[in-house]
Amino acid sequence: MIFVHLIFFYCGGLSTVSGIYFNFFFFFVQFLIFALLLLLVVAFYTLLERKVMGRVQRREGPNVVGFEGLLQPIADGFKLLINEIIYPLFISKPLFVVAPILTLFLSLLAWYGFVFTPEYALLDLQYGMLFFFILSSFGVYGVILAGWSSNSKYAFLGAIRSSAQMISYEVAFGFILIVIAIYAGSLNMTDIVFAQKDIWFCFPLAPFCVIFIIATVAETNRAPFDLPEAESEIVAGYHIEYGGMPFSLFFLGEYLMMLLMSGLSATFFLGGWFFPVVDSYLPATFIMAFKIVCLAYLFLILRAALPRYRYDQLMELGWLVFLPLTFGGLFFYPCFSYLIGALPLTGGVFSLLSDYGAFSFF
């Protein structure tokens, strides 16, 4: 990941040399190389998952292809690439083809706006938080298109489950992002990290941190919230009719979102590239990469250790537990912090509101 951002920080400076057409072409080349490097990272992340699950379940993971199985992701990718693509009868073929491409493209585009460090930011948007929230919401369209166009009851049921699940947890997700924006005084990803230079948000906002991490697991349809792909109930869910390379696009999109959600969790709650004491000695890129790896490892442990929820339990957790907690906390936390003088941490939104007498009733 550090190597990816170093390359594109250099390339980003070159894109200002010529006019708009050259910039657009260079942006496309940047995006293409960036996507290839990210997919290589995802390939070895899947190897790590199989190794971790093997250790948890007291068995050997991949250990045949290459040294200790290091070439197994390359072999799997080549196998999926040369597999014949079969289109079932009576499907809506244009939508059937577009769905996996859309899923992967949105995942890659979201990564393009991620701020790894201030020096290696490819696209540091002023409203970067909204950028990620919008793209994560759009991800449901690829799932819905895949389920509907497959002309299969199993696929359509998996797509409906996935859309309901994502909507349920995005409501709580959104409330948490509002609280973070209030405490940081900005929607910019870099500003949010700098607001945590003295204290990480995971300490004053500990309940929101826990809910956010759980919501990211549900948002990415990962175990124990992988109800859209429940093999024991609906065979394989929304991608049951896909095979070969189209299936791998769904697969890669899901793992890209897992890594992205790990990065967002590190940015919003774990201080980004800041770490007490050691940030004076270690590169910021190494600190950020370490936090992302730790959070991504959590996804793997959860899959290996926890059983799948029932669907009614999944909905109850989202609507009857997380929604009231985040909605109540949206009002309680900022007001309480303001009254005790703990907000704003960086002189952000609340100081602006108080200047205009918004809190005169206190």
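**View A. The second largest cavity of the predicted model.** In this predicted model, the second largest cavity holds about 40 Å³ of space. Its lining is made by Ile213, Thr216, Met261, Ser262, Ser265, Leu295, Leu298 and Phe299. Sorted by class, these residues comprise five nonpolar and three polar ones, with no charged residues.

**View B. Helices around the second largest cavity.** Three helices each give at least two residues to the lining of the second largest cavity: H8 (206-219), H10 and H11 (284-305). Among the lining residues to look for are Ile213, Met261 and Leu295.

**View C. The largest cavity.** The largest cavity contains about 230 Å³ of space. There are 17 residues in its lining, and those closest to the centre of the cavity are Thr103, Gly139, Met166, Glu219 and Met257.

**View D. Helices around the largest cavity.** Helix H4 (93-112), helix H5 (128-149) and helix H10 (244-269) are the elements that contribute two or more residues to the lining of the largest cavity. H10 has the largest share, with five residues. Helix H10 also supplies at least two residues of the lining of the second largest cavity.

**View E. Residue classes in the lining of the largest cavity.** Eight nonpolar, seven polar and two charged residues form the lining of the largest cavity. In the second largest cavity, by contrast, the lining has no charged residues.

Key. Residues are numbered from 1 along each chain as its sequence is written. This is a predicted model: local features need pLDDT of at least 70, side-chain atom pairs count only at pLDDT 80 or more; totals for chains, interfaces and linings use all residues. Side-chain values use heavy atoms; hydrogens and water are left out. On a 1 Å grid over the protein atoms alone, a cavity is a set of points where a 1.4 Å probe fits but cannot get out, and a pocket is an open set with protein on both sides within 12 Å along at least five of seven lines; lining residues have an atom within 4 Å of a point. Grid points are joined across faces, edges and corners, and a volume is the space filled by probe spheres set on the points. Helices (H or I, at least four residues) and strands (E, at least two) are DSSP runs, numbered from the N terminus. Ala, Val, Leu, Ile, Met, Phe, Trp, Tyr, Cys and Pro count as nonpolar, Asp, Glu, Lys and Arg as charged, and the others, Gly among them, as polar.
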